[in-house]
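Please read it alongside the sequence and coordinates shown here.

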Amino acid sequence: MPAACAKKLSKKDKKYFDSLMVAREIVTKQMNQHVSVALNSGNTKHGAVTHMADYGGENFRRDIELQMLTEEGNVVELIEDAIGRLMEGVYGKCVDCEDAIPHGRLEVKPYALYCTKCKSIREKNNGTNPNLD
Ligand SMILES: [Zn+2]
């Protein structure tokens, strides 16, 4: 880890850096847990497209674990990206409109990519922002 770089960060950025590190540790731990649950749910049936009601408890559970794992993997990527932006001095800016992401939002979600406004625009448009060229 670029521990040496962290020294160059401002006090505020250092705080964000720390919360990103904590967030990454938490997500990594969760991933490890989900991996072991998914691996231990010993049912080998997979790939079948079945109705929800047809799922056995184990299969259903494993699918949920795997889905969470995928989402957590995405979060780890977002956290890595945020650390990179922090190092480049562009952390905390909305990727879409370049407005500052509110501090309160970054405290809850230090890896947030978008400001509240752009986030809700994207949520209404299947994850895309039609205001962008
Ligand atoms: Zn924005």
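N126 lies in the segment after helix 5 (116-124), where helices (H or I, at least four residues) and strands (E, at least two) are DSSP runs, numbered from the N terminus. This is a predicted model, in which local features need pLDDT of at least 70 and side-chain atom pairs count only at pLDDT 80 or more, while totals for chains, interfaces and linings use all residues. Residues are numbered from 1 along each chain as its sequence is written.

**Backbone with positive phi**

- Most residues other than glycine have a negative phi.
- N126 has a positive phi, near 50°, although it is a residue other than glycine.
- N126 counts as exposed, with 6 C-beta neighbours inside 10 Å; a residue is buried if 20 or more other C-beta atoms lie within 10 Å of its own, exposed if 12 or fewer, and partly exposed in between, with C-beta atoms placed from the backbone.
- E98, in the loop between helix 3 and helix 4 (103-108), is another residue other than glycine with a positive phi, near 65°, and E98 is exposed, with 10 other C-beta atoms within 10 Å.
- G89, which follows helix 3, also has a positive phi, near 80°.

**Overall make-up**

- The protein chain holds five helices and zero strands, so that its elements, read from the N terminus, run α-α-α-α-α.
- Of the 133 residues in the protein chain, 14% are buried.
- Among contacts with a separation of 6 or more, 53% join residues 24 or more positions apart, a contact being a pair of residues whose C-beta atoms, placed from the backbone, lie within 7 Å.

**Helix 2 and helix 3**

- The 30 residues of helix 2 (residues 11-40) should span 44 Å at 1.5 Å a residue, which agrees with the 44 Å between its end C-alpha atoms; the expected span is 1.5 Å times one less than the number of residues.
- The axes of helix 2 and helix 3 come within 9 Å and cross at roughly 160°, where axes are lines fitted to C-alpha atoms, for helices over the stretch in contact, and angles run from 0 to 180 degrees between N-to-C directions.
- That crossing angle makes helix 2 roughly antiparallel to helix 3, a label given to angles over 145 degrees, whereas angles under 35 count as roughly parallel, 65 to 115 as roughly perpendicular and the rest as oblique.

**Buried residues and the core**

- In helix 2 the buried residues are Y16, F17, L20, R24 and H34, while in helix 3 they are R62, E72, I79, A82, I83 and L86, and the cover over those of helix 3 includes helix 2.
- Nine residues form the largest nonpolar core, namely Y16, F17, L20, I79, A82, I83, L86, Y91 and Y111; such a core is a set of buried Ala, Val, Leu, Ile, Met, Phe, Trp, Tyr and Cys residues joined through C-beta atoms within 7 Å.
- Helix 3 (57-88) and helix 2 each supply at least two residues of this core, and helix 3 gives the most, with four residues.
- A82 lies in helix 3 and counts as buried, with 24 C-beta neighbours inside 10 Å.
- Leaving aside neighbours within four places in sequence, A82 is in contact with L20, Y91, P110 and Y111, and I79 is in contact with L20, A23, R24 and Y111.
- A82 and Y16 are 66 residues apart along the chain, and their C-alpha atoms are separated by 9.4 Å.

Key. Two residues are in contact if their C-beta atoms, placed from the backbone, lie within 7 Å.
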